[in-house]
Amino acid sequence: MSSSPTLHSRLRVLVAKTFRASQLYSSMRTGRGESSGNLAEISNDVRAGVWYKVHAELQAGLNEALDLGSPAQVVTKVAQLKQHFEKMSSDAQHIIERGSERLVQSVHRQEFSTTFKASLELIKCKAKMQASRVIADELESILGSTRASSQVDSLFEQGTEEHAGQASNVIPLRRRVGR
């Protein structure tokens, strides 16, 4: 049996990490009591809220994947999750690009309440983009490890099947030790 972690074990570890991250983001939002109106606290609260939602979505998706029966279904679900988070990151990036232009225009018009509202929306989008990108990269890492280990396993199985019963110039250890 292989000593490398299985897809199932990697996903379990990621579920645990996601749960801890969600707890951290939740405590960041509720640990302060009433907001003092400090803009840094408001932006941190907004970011923590978005990170919490994104990680909760990941946790739900991973739990669904782990409930599936076959490894092929699990891999397919994880790949779908990765694509979902990549798209979420890409969409947020496009919103940030367009929103930045609107933000600059509202500053030039001295519409500071509009600027504040647009800034909060951009903070949300950037937090979503960052969290989604990190999650997509993590899922890609898991899928890449799974692909690599399954390729090595299949190559090993093919090699043993191809060479079973065939003469070779390689002396197996059993024969070498016996002589």
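Keep in mind that the model is predicted.

**The overall count**

The structure has nine salt bridges. Three of them get a closer look here: Glu86 with Arg133, Lys124 with Glu121, and Asp137 with Arg133.

**Across two helices**

Start with Glu86 and Arg133, whose closest N and O atoms sit 3.9 Å apart. That just makes it, because the cut-off for a salt bridge is within 4 Å. Glu86 belongs to helix H3 (residues 71-108) and Arg133 to helix H4 (residues 112-163), so this pair ties together parts that are 47 residues apart in sequence.

**Within helix H4**

Asp137 and Arg133 are four residues apart in H4, so about one helical turn separates them.

**A linked set**

Which residues are linked with Glu86 and Arg133 in a network of salt bridges? Lys82, Asp137 and Glu140 are the other members.

**How exposed are these side chains?**

The residues of the three pairs compare like this:

| Residue | Relative accessibility | Class |
|---|---|---|
| Glu86 | 27% | partly exposed |
| Arg133 | 32% | partly exposed |
| Lys124 | 35% | partly exposed |
| Glu121 | 38% | partly exposed |
| Asp137 | 43% | partly exposed |

Take Glu86 as an example: its 27% relative accessibility is why it counts as partly exposed. For Asp137 the relative accessible area is 43%, so that residue is partly exposed as well. The reasoning rests on the cut-offs, because buried means under 20% and exposed means over 50%.

**Helix H3 itself**

How does the span of H3 fit with its 38 residues? At 1.5 Å a residue, H3 should span 56 Å, and its end C-alpha atoms are 55 Å apart, so the two values agree. After H3 comes Gln110, which has a positive phi, near 60 degrees.

Methods:
Residues numbered from 1 in each chain as written. Predicted model: local features only at pLDDT ≥ 70, side-chain atom pairs only at ≥ 80, totals over all residues. Heavy atoms only, no water. Salt bridge = Lys/Arg side-chain N within 4 Å of Asp/Glu carboxyl O. Buried < 20%, exposed > 50% of the residue type's maximum accessible area, 1.4 Å probe, protein only. Expected span 1.5 Å × (residues − 1).
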